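Please look over the sequence and the structure shown here before reading the report that follows.

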Amino acid sequence: MSQDSAEQKLLYNEDEMRRAISRMAHEMLERNGGAGDLVLVGLRTRGAPLARRLARRIEELETVAVPVAELDITSHRDDLPRYPSPAPHEPLPVEVEGRVVVLVDDVLFTGRTARAALEALLDSGRPRKAQLAVLVDRGHRELPIRADYVGKNVPTALNESIAVRLTEVDGYDGVLLRREPERAE
């Protein structure tokens, strides 16, 4: 683990993460009347493997292959320096026009990433409906954004952070709560 000075607490192990993903897949199917119109769009970096996991679980439940795409929102972020001409956004390799698109991310915090994702998604077409799925909602919203599907709500303090670890990216599955030590002045 990279932050030596931070206290860490395991919130989700591999089995708990698998169950949360399964529950979220069930909720998506129930809310949308099946998988026929669904497209899952995972945000780079950890949202993409989560989207693929959700799609596999949905396929197990419905025997319908749900299209999955990966979205890089870098050029749409409002917390990075603005450049005169942002890099052109690659269109998604799946059709989103008129479909139910579920944006998938690991953690929902201020809502700024979700806002950028919506903006980037609209560059690829106009979905009939856009929804948001996150593994962890930690609160502290700065924008009026709420997830439709949440694996776990974890109220956090501002000196805490959530670290999602996925086998596809990090070599193991887990969700960690990190608390930075108070700084003496």
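How far apart are E119 and R115 in helix 3? They lie four residues apart in helix 3 (residues 112–122), and are thus separated by about one helical turn.

## Basis of the report

This is a predicted model, in which local features need pLDDT of at least 70 and side-chain atom pairs count only at pLDDT 80 or more, while totals for chains, interfaces and linings use all residues. Residues are numbered from 1 along each chain as its sequence is written, and side-chain values use heavy atoms, with hydrogens and water left out. Helices (H or I, at least four residues) and strands (E, at least two) are DSSP runs, numbered from the N terminus.

Three strands form an open sheet in the order 1-8-7, with antiparallel pairing, where two strands are taken to pair if DSSP finds at least two bridges between them. Strand 1 (7–12) and strand 7 (160–165) stand at the edges, and because each has a single partner strand, one side of each is left without a neighbour in the sheet. From one strand to the next, the twist averages 25°.

Strand 1 pairs with strand 8 (residues 174–179) in the antiparallel sense over five bridges, and K9 stands opposite L177 in strand 8.

## Helix 1

Helix 1 (residues 14–32) lies across strand 1, strand 7 and strand 8, and runs at about 50° to strand 1; contact here means heavy atoms within 4.5 Å, and axes are lines fitted to C-alpha atoms, for helices over the stretch in contact, with angles running from 0 to 180 degrees between N-to-C directions. At 1.5 Å a residue, the 19 residues of helix 1 should span 27 Å, which agrees with its end C-alpha atoms being 27 Å apart; the expected span is 1.5 Å times one less than the number of residues.

The buried residues of helix 1 are M17, A20, I21, S22, M24, A25, M28, L29 and N32, where buried means under 20% relative accessible area, exposed over 50%, and partly exposed in between (1.4 Å probe, protein chains only). At the start of helix 1, a side-chain oxygen of N13 reaches to within 3.0 Å of the backbone nitrogen of D15, and helix 1 is followed by G33, whose phi is positive, near 65°.

## Salt bridges within helices

A salt bridge is counted when a side-chain nitrogen of Lys or Arg is within 4 Å of a carboxyl oxygen of Asp or Glu, and by this rule the count comes to 16 salt bridges. One of them joins E119 to R115, with the closest N and O atoms 2.6 Å apart; E119 is partly exposed at a relative accessible area of 35%, and R115 is partly exposed at 23%.

R57 also forms a salt bridge with E60, with the closest N and O atoms 2.8 Å apart. These two residues are three residues apart in helix 2 (residues 47–62), and are therefore separated by about one helical turn. R57 is partly exposed at 25% relative accessibility, whereas E60 is exposed at 55%. An α-helix has 3.6 residues a turn, so residues three or four places apart point the same way.

## A salt bridge between strands

E160 forms a salt bridge with R179, the closest N and O atoms being 2.5 Å apart. This pair links distant parts of the chain, with E160 in strand 7 and R179 in strand 8, 19 residues apart. E160 counts as buried at 9% relative accessibility, whereas R179 is partly exposed at 34%. Salt bridges that share partners join E7, E160 and R179 into one network.

Key: A polar contact is a pair of N or O atoms within 3.5 Å; within protein, one must be able to donate a hydrogen and the other to accept it, and residues adjacent in sequence count only if both atoms are side-chain atoms.
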